[in-house]
Each structure stands twice: as C-alpha cells, then as structure tokens.
Amino acid sequence: VQGNEVALVATRGPSRGRLAVRLDGVPVTVVDLDAAAIAPRSVVAVIRLPDAAPHTLRLTLLRASNPLSTGRRVDVDAIITHAATDPVPSPEPSPAP
C-alpha cells in the first residue's frame, strides 16, 4: 500500500471473527468484527502510514474469536488508501470597492 493512511472495510456481524493487522511486519492492531447485527461495508480500522513509500499490509485471521461471536468468518470488502494532496490555497480576498 502507498499513501498517508489506509482504511480497512469489512462486514461486521454475530458470526464474525478477528483479524490481526501488521504493517511492514510490525503488529498494528487487532480488529474484532463481532457485532449484534450484520453491518456490511463498515470501516473497521484506519491506519496512518509513516510515509508515502510503499508498505506491506498483512491481515491474518485469528484462531480465537470473540467469545460472544458464533463464528470466525471474515469478509474484507475493500482496502482503501488515501494519499495527501497539496492543501487547497485560500482564495485571494476581493479588493475593497
């Protein structure tokens, strides 16, 4: 992945598991997808990247799920990267009449 941050989009629900997220081999977070009701296309994690260079994002399904979950299913709907752009300049003030 490249950019300033990456968002992980997945389905949450009562039969969902947990994911370990690593960036360049370093553990970043564990995402628990358990929820009372199905919620597709949910942004479940946003990870800031240290720089705009290429990075490796690794998602691993964990064997142990949330005790409240009835399963370990994981559906990743999208991985969205965001690259910063130059800030939009403020408009020049209008000259006084």
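The largest nonpolar core in this predicted model has 12 residues: Val-6, Leu-8, Ala-10, Leu-19, Val-21, Leu-23, Val-31, Leu-33, Val-44, Ala-45, Ile-47 and Leu-49. A nonpolar core is a set of buried Ala, Val, Leu, Ile, Met, Phe, Trp, Tyr and Cys residues joined through side-chain atoms within 4.5 Å. Strands β1, β2 and β4 are the elements that give two or more residues to this core.

Here is how to read the values. Because the model is predicted, local features need pLDDT of at least 70 and side-chain atom pairs count only at pLDDT 80 or more, while totals for chains, interfaces and linings use all residues. Residues are numbered from 1 along each chain as its sequence is written, and side-chain values use heavy atoms, with hydrogens and water left out.

**The chain as a whole**

- The chain has zero helices and six strands, and from the N terminus on its elements run β-β-β-β-β-β.
- Helices (H or I, at least four residues) and strands (E, at least two) are DSSP runs, numbered from the N terminus.
- Of the 97 residues in the chain, 28% are buried; buried means under 20% relative accessible area, exposed means over 50%, and partly exposed lies in between (1.4 Å probe, protein chains only).
- The accessible surface comes to about 6,500 Å², and 55% of that surface belongs to carbon and sulfur atoms.
- Accessible areas come from the Shrake-Rupley method with a 1.4 Å probe, and for residues only the protein chains shown count as cover.
- Among contacts with a separation of 6 or more, 73% are between residues 24 or more positions apart; a contact means heavy atoms within 4.5 Å.

- The C-alpha atoms of Val-6 and Ile-47 are separated by 5.3 Å, although the two residues are 41 residues apart along the chain.
- Leaving aside neighbours within four places in sequence, Val-6 is in contact with Val-1, Ala-45, Val-46, Ile-47, Leu-49, Leu-57, Ile-79, Ile-80 and Thr-81.
- Ala-10 touches several residues beyond four places away in sequence, including Leu-33, Pro-40, Val-44 and Val-76.

**Salt bridges**

- Side chains of opposite charge can pair when their charged atoms come close.
- The whole structure holds three salt bridges, where a salt bridge is a side-chain nitrogen of Lys or Arg within 4 Å of a carboxyl oxygen of Asp or Glu.
- One of them joins the side chains of Arg-48 and Glu-5 (3.2 Å, N to O). This pair links distant parts of the chain, with Arg-48 in strand β4 (residues 39-48) and Glu-5 in strand β1, 43 residues apart.
- Arg-48 is exposed, with a relative accessible area of 61%, whereas Glu-5 is partly exposed at 23%.
- Another salt bridge brings together Arg-16 and Asp-75 (2.5 Å, N to O). Arg-16 lies in the loop between β1 and β2 (18-23) and Asp-75 in the loop between β5 (57-61) and β6, so this pair also links distant parts of the chain, 59 residues apart.
- Arg-16 counts as buried because its relative accessibility is 6%, and Asp-75 counts as partly exposed because its relative accessibility is 23%.
- Asp-75 also meets Arg-73 in a salt bridge (2.9 Å, N to O). Salt bridges that share partners join Arg-16, Arg-73 and Asp-75 into one network.
- Not counting residues up to four places away in sequence, Arg-16 touches Thr-11, Leu-33, Asp-34, Ile-38, Ser-69, Gly-71, Arg-72, Arg-73 and Asp-75.

**Out at the surface**

- Val-1, Val-76 and Ile-79 make a nonpolar surface patch of about 210 Å².
- Patches are made of residues with over 30% relative accessible area and no salt bridge: like charges are joined within 9 Å, and nonpolar side chains (Val, Leu, Ile, Met, Phe, Trp, Tyr) within 5 Å.
- Val-76 belongs to strand β6 (residues 76-82) and is partly exposed, with a relative accessible area of 38%.
- Arg-58 is found in strand β5 and counts as exposed because its relative accessible area is 52%.
- Leaving aside neighbours within four places in sequence, Arg-58 is in contact with Ala-20, Val-21 and Arg-22.
- The C-alpha atoms of Arg-58 and Gly-25 are separated by 7.6 Å, and these residues are 33 residues apart along the chain.
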